[in-house]
Amino acid sequence: MPVPDRPFRNPAGLPATGFRLGPASAVSRFKARPDQPAFRHVESFMTRPPSNSGNPRPSGSPEPLGRRDSVRKVPGGGHPRSGPEAERVRPPQGGRSGRSGRSDSPGRSGHPGGPGRSGSPARGGRHFRGGDEGTVTLYRPELLAPAGGPGSFAAAVEAGADAVYVGLKSLSARALAENFTVGELGGAISEAHRRGVNVYVAANSLVKEGEMREALTLLNAAAGEGPDAFIVQDLGLAGLCRRFFPEIPLHASTLAAVHTVEGLAVLEALGFERAVLPRETGYRELEHMAFGGPIDVEIFVHGALCFSFSGLCLFSSFLGGRSALRGACTQPCRRAYANMGRRDTFFSAADFQAAQYVRDLMRLPVRAYKIEGRMKGPDYVERAVKAYRLLIDNAAGDFEGALEAAAALLDDAPQRRRCGGFVRGAPQFHDASMFSGSSVSGVRIGRLRPRDGGWSAVLLERPLRIRDRLRAVGARGGEGVSFKLGEMRLADAGARGAASAGGAGPAGGGGIADAADSGRYAADVPHDAADVPRDAADVPRDGDGVSRGAEGVPRGAEGVPRDSAVVPHDAEAGALLPADASPGDDLKAAPAGAEVEIFIGGKEGFAGAGILYRTGSSAEEKAWTAGGTVRAVLNAASKAPKRLPKLPAGIEAALKPRAGGAGRQGRGRGPASKIWYWLEDAKDIRAVAPLSPARVILPLNAYNVKEIGKRRVKGLVRTVWSLPPLVYPPEGPRLRTLASQLMGKGFGEFMCATLSGAALVMEAAGERTPQIYADHRMGFLNRFAADALHSVGIDAACVSAEVDAETWNRLRDATCRGKTLCYLSGRPALFTSRMVPAVKRGAVESPRGERFWAARDGEAFVLLPEARVFMGGFLKGPELPNLAGYIVDLRREKDPGTAAMSMRKAAAEGRRAAGTGFNFKRGLG
């Protein structure tokens, strides 16, 4: 199978100053392991000169806009949407009113299309990459669509997607989606390749030790169908894919939480060819990674946002054993919580929409624009793909007109209130949340008014059909009640507005071209103009920053303009009222403008008044699933073998237990002698020093570095420095400087939560060789993941805090390369977020009485459980092979010394201490 080109590389043009790949290099550990690829660093964000500098793309890279090297070429011609080798556009002149001297473009001076200050030679003025003065180069991305099932797959392909990502029945981070069998995957790939569309298989779940055989059996069968890439989160699974399926490119899932150029270099060392960047990535950060990264990058442009940073959420797992990192998230962030007498959805984020930023984003060499939504139906997929297809294809032409048409499409796609996400920088949470409102993902249909007998009246703002999937939300918000519409009748005022509805409805000739509302985007946070991507068609605003409709009327909290044009779709044809309809008549369909009554009787907790949303269109789903594309997929699936092929002998051999498991080992010196105490303040070292800890872990910050240098604490114990989970600029350079200073003073041990943090330490090391440990957030649930971390310089990897007893016992019988750690006790961060929610001081309490506390960890906001975690099962029976220590996290304890003594006694006596066992006994889903 041909491997797609990877044009957005940087083999020349961005020198890797300060790093050598030789025996004396700071990353020589990679050379010491000849079976692993070499690690390659690039320069840091704050020190690298402007990436464009007025020069064209480095040699070896593709031509910009129009070239689609990643798309499979069809025999006899190119991709149906392939265009010229390059297109250049003249940027808007002048800038926004009141902002003279700045152009309508993203970034600061010295970046692609970035605005400079007029007449400021020091800042370089305006810079436009390539071409004549006054033009900019746009890079055409691959439009990547979700497909949770065959119907959504058909909608994506026929709506104009360049590639589609799908999940299998297991291994998917969207386990609750319909997903594909291997036979259906083969049919989908065949049909997609016939149309010149790529198919990527999302195997992006963390894999437990006992599941690796099943996972490889499934991927071995999937590889035989010829997918264009595997999307993987688990580093152990990625290593095995690279070893046994080298012809299939690897894409790193957003759940890998890599968010820096240095982290991308680690992914390259692990064999990845593309990284899906977290949705929390801002424009400046994206610019740096797109131009400076050694592998391709892919970004989200539309879909749901999580309150927690991608890959760092333990909330669902902590509350019920359903892991978000394994596709089983129960979305506890969408629920209402109580805080200081107020009950609200403090952690429910709005949906992300980057439509208004597409032309600005196309100035960056991003490989793919990704639409989130494998849990959504064909109606959502079709509209979202068509919208972004319009924007990409018209970026060099009538972008403002395309934006209007795209807005009309997206307004009719089931989703939550929309916001600009992190493109402009980290938003204030009240602008990026469903705060004080419903968390429903759907299209607003209208306001419900109670009637007798379980009926409610509604003046339709959009067409409605029998068997549409609906959700009715009460006046106080909340989750509401879901149902399929079974009964609908014409209300007494049913004819009101129905005649005019035909003009804007599907049968009346209206639609996309007639859309006039220019205020369809939810409010974004005003930022400094130099950081904000601006466009002539950007969101109209008043001084309060609230987006408004074409007539200046603020939209409702649900984010749906009341005067939106209805997008014509075949499945909605014939939605006009019958000519002889009279009040009380049963209806199969009704247009926008009609007043109808619907039956919601028997829905517990709903009083009949509130807001009605359509969450899915059964008519459209039926139309898609009955179409030719789905028939072709299912026909191919029916001819596929019913059993998966057996694993090759090489894979079977790799899965066999290694010699040296814990079954033949004792406890050594005992757990009490191996405790690592994780403290918040260097002054607390004196409280735990009498307990003779194996290590003390301290957060890497200027205060602790200064304090550790004082005579009263220096040299008492061995110190490990923990980096914060997020190391974005400008914090990254400061941490790098502190780490370098510490290594110069003899401190050489560091702990990291992400690959980006580990890469920062390696970069700071220079000629030195630090010891680097991975904490409990690095996703170690199988021995192959520990091997992968060891291969890129991680000296000890901590077992995931989500581990269950079955996986723990299997790991004890395995042998990992490198040392291991265990998170014995503490209050792990359940959320790690770049957003600050509107919670006040005091506890946040769930409806079941669980209590949580908000805190800061570096530049991140974290949510901590009041209940302490204690993994007592770790202390029973043999310990893990090559165990380096048990981590006791005391960072949020009022009296660290007393808590440390309690934990030490429990470890020494092998007894249970106070706290929850997390998933250890209940299992991990």
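Q: In this predicted model, at what angle do helix α17 and helix α18 pack?
A: Their angle is about 55°. The axes lie 9 Å apart. Helix α17 spans residues 731–744, and helix α18 spans residues 755–765.

Q: Why is α17 called oblique to α18?
A: Angles under 35 degrees count as roughly parallel, and 65 to 115 as roughly perpendicular. The angle here is about 55°, which makes α17 oblique to α18.

Q: Is the crossing of α17 and α18 left-handed or right-handed?
A: The crossing of these two helices is right-handed.

Q: Which residues meet where α17 touches α18?
A: From α17 come Gly732, Leu735, Arg736, Ala739, Ser740 and Met743. From α18 come Leu760, Val761, Glu763, Ala764 and Ala765. The residues of this contact divide into 7 nonpolar, 2 polar and 2 charged.

Q: How do I read the sides of a helix?
A: An α-helix has 3.6 residues a turn, so residues three or four places apart point the same way. Now take helix α20, residues 805–812. Its residues Thr807, Trp808, Leu811 and Arg812 are buried. They cover an arc of only 140° around the axis, so they sit on the same side of α20.

Q: What covers the buried residues of α20?
A: The cover includes α19 (783–791) and β30 (819–826).

Q: Is Leu185 buried or exposed?
A: Buried means under 20% relative accessible area. Leu185 has 0% relative accessibility, so it counts as buried. Leu185 belongs to helix α2, residues 182–194.

Q: Which residues is Leu185 in contact with, leaving aside neighbours within four places in sequence?
A: They are Val166, Leu168, Phe180, Val199, Val201 and Ala222.

Terms used:
Residues numbered from 1 in each chain as written. Predicted model: local features only at pLDDT ≥ 70, side-chain atom pairs only at ≥ 80, totals over all residues. Heavy atoms only, no water. Axes fitted to C-alpha atoms, helices over the stretch in contact; angles between N-to-C directions. Helix = DSSP H or I, 4+ residues; strand = E, 2+ residues; numbered from the N terminus. Parallel < 35°, antiparallel > 145°, perpendicular 65-115°, else oblique. Left-handed = near helix turned anticlockwise from the far one by under 90°. Contact = heavy atoms within 4.5 Å. Nonpolar A, V, L, I, M, F, W, Y, C, P; charged D, E, K, R; others polar. Buried < 20%, exposed > 50% of the residue type's maximum accessible area, 1.4 Å probe, protein only. Arc of directions from axis to C-beta.
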